[in-house]
Amino acid sequence: MTENVKFGIIGTGGVWRFHKLGAKNHSIVNFVSAYDVDEKNLQKTAKYSKLTTYSNLNEFLKSDIDAVLIMVPHYLHKELVIAAAEVGKNVICEKPMATTLEDCDEMISATRKAGIKFMIAENHRFLPAHQYIKDILEQGYIGEVFLGRTYEGAYATPQFFDENYWHFTFDKGGGGVVMDQGVHKFTMLNWFLGEVDSAQCWLSKSLNSPPSKAEDTAIVLLRYKGGAIITVDISSSTIHPLTNRTELHGTKGSVLEDHSWNDPVQIFSSHPEAEVKGEFFSPKIEHGPFPEYYKISMGHEDAYFARCILEDKKPEFTPEEARTGIAVVLLAYLSAKNGRITSMDELMKIYKTEGTKNIIKGVKEVIQQNYGEMNWEI
Ligand SMILES: NC(=O)c1ccc[n+]([C@@H]2O[C@H](COP(=O)([O-])OP(=O)(O)OC[C@H]3O[C@@H](n4cnc5c(N)ncnc54)[C@H](O)[C@@H]3O)[C@@H](O)[C@H]2O)c1
């Protein structure tokens, strides 16, 4: 058995830096080569990261690598995942899985047919603070969750104002903050709480970004089949370093989590076996505010995927599960267009008839334009 997994990367843009830094503590992850259509990005990254470069996709895919890490614009995820699977490479692809449910289905069937390991790089699934919350939920420390709220806020970069840059566009990004950041929250919440019953969503633009760009701010209200009602607040135009927050309240206690805290979790539990009773307590968890939590979560994520390859086991975080996050993204957009609470059953009816490709059409018309009133500067 080899001691490490040789990864080739596709896409040498912004997120690569965090995967590279994350791998520093995980010798099982060995990044060896890179492919990118942007020769300048490719050469710059390869020099900095000491990678062999390829300008031809087929040569790259057929080279001596065990796995491919895909980090490209969202509309390209499907075709590159399938291309890598078809030559027998294991694939880990950045979130969001794809921009439609049909693309997710094609990815699932192609990777299954190829018999390779396939996982979506949803780093929130590999953040120790989130794993801790999942564990205490399973152990019953806060009982049945009936209420929650979660937030992700990021500081926009000048690229938000570049109409030719794909991030947050309707066509290449598949939408704005709901697709780009919301998917993190939805995938995490589905992991904690199960299946979504219905949603209500409002979209707005607080940045004076070009018309090709979708919403930068949103609120999504979710009702889970188990009964929990949750608020998801997301924005890419908040003026603070990137952070996330989650609050869950159950029949036996509450858990608060904030990525910007050094000790990211606080629990109040009335469970008979709770470590501390009558007050909030903070367990020791591997963590650090941005950019530390990025490095930690991506390091664990890539190392876990490498272990799945070496030990020939199916990743616990399945593509089917990642697909449920995309379903909630699309449900939120559908609800914003409907201007009312919309059920998952309604989304599934569309999926089974005309398909989900057109859900993004018409979203532009329902985005509230706030920026005229705001004095927002980058
Ligand atoms: N997990 C996270 O928190 C997180 C954070 C940032 C980005 N991401 C995800 O990572 C992915 C990439 O985002 P980014 O911010 O690095 O984007 P980016 O624009 O900075 O980089 C994308 C790279 O892909 C290359 N590319 C474009 N088309 C290509 C093609 N056909 N073949 C090969 N390379 C191609 C571009 O030249 C560029 O170098 C997206 O899915 C994004 O949502 C995840």
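What follows is a chat about helix packing, ligand contacts and a few backbone details in a predicted model.

Student: Let's start with the ligand. Which residues come nearest to it?

Tutor: There are 27 residues around the ligand, and G14, D36, N41, H74 and W166 come nearest.

Student: How far is the polar side-chain atom of H74 from a ligand oxygen?

Tutor: For H74, a polar side-chain atom lies 2.8 Å from an oxygen atom of the ligand.

Student: And what about the side chain of W166?

Tutor: W166 has a side-chain N or O atom 2.8 Å from an oxygen atom of the ligand.

Student: Then what are the numbers for α6 and α8?

Tutor: Helix α6 covers residues 128-138 and helix α8 covers 177-193; they pack at about 25 degrees, and their axes are 9 Å apart. An angle under 35 degrees counts as roughly parallel, so α6 is roughly parallel to α8.

Student: Which hand does the crossing of α6 and α8 have, left or right?

Tutor: Right-handed, as α6 passes α8.

Student: Which residues meet there?

Tutor: From α6 you've got H130, Q131, I133, K134 and L137, and from α8 they meet M188, W191 and F192. Sorted by class, the residues of the α6 and α8 contact are five nonpolar, two polar and one charged.

Student: Now α11. At what angle does α10 cross it?

Tutor: Roughly 100 degrees, with the axes of α10 (residues 319-338) and α11 coming within 10 Å. Angles of 65 to 115 degrees count as roughly perpendicular, so that's the label for α10 against α11.

Student: Which side chains... well, which residues make up that α10 and α11 contact?

Tutor: On the α10 side they are R323, A327, V328, L330, L331, L334 and N338. On the α11 side they are M344, E346, L347, M348, I350 and Y351. By class, the α10 and α11 contact has 10 nonpolar, one polar and two charged residues.

Student: How does α5 sit against α11?

Tutor: Helix α5 (residues 101-114) crosses α11 (residues 344-352) at roughly 70 degrees, and their axes come within 10 Å. That makes α5 and α11 roughly perpendicular, too.

Student: Which residues do α5 and α11 use to meet?

Tutor: L101, E102 and D105 from α5, against L347, M348 and Y351 from α11. The α5 and α11 contact has four nonpolar and two charged residues, and no polar ones. L347, M348 and Y351 of α11 also turn up in the contact with α10.

Student: Last one: what's the phi of K50?

Tutor: Near 55 degrees, which is a positive value in a residue other than glycine. You'll find K50 in the loop between α2 (39-49) and β3 (52-54).

Technical notes:
Residues are numbered from 1 along each chain as its sequence is written. This is a predicted model: local features need pLDDT of at least 70, side-chain atom pairs count only at pLDDT 80 or more; totals for chains, interfaces and linings use all residues. Side-chain values use heavy atoms; hydrogens and water are left out. Axes are lines fitted to C-alpha atoms, for helices over the stretch in contact, and angles run from 0 to 180 degrees between N-to-C directions. Helices (H or I, at least four residues) and strands (E, at least two) are DSSP runs, numbered from the N terminus. Angles under 35 degrees count as roughly parallel, over 145 as roughly antiparallel, 65 to 115 as roughly perpendicular and the rest as oblique. A crossing is left-handed if the near helix is turned anticlockwise from the far one by less than a right angle, and right-handed if clockwise. Contact means heavy atoms within 4.5 Å. Ala, Val, Leu, Ile, Met, Phe, Trp, Tyr, Cys and Pro count as nonpolar, Asp, Glu, Lys and Arg as charged, and the others, Gly among them, as polar. A residue is near a molecule or strand if one of its heavy atoms lies within 4 Å of it. A polar contact is a pair of N or O atoms within 3.5 Å; within protein, one must be able to donate a hydrogen and the other to accept it, and residues adjacent in sequence count only if both atoms are side-chain atoms.
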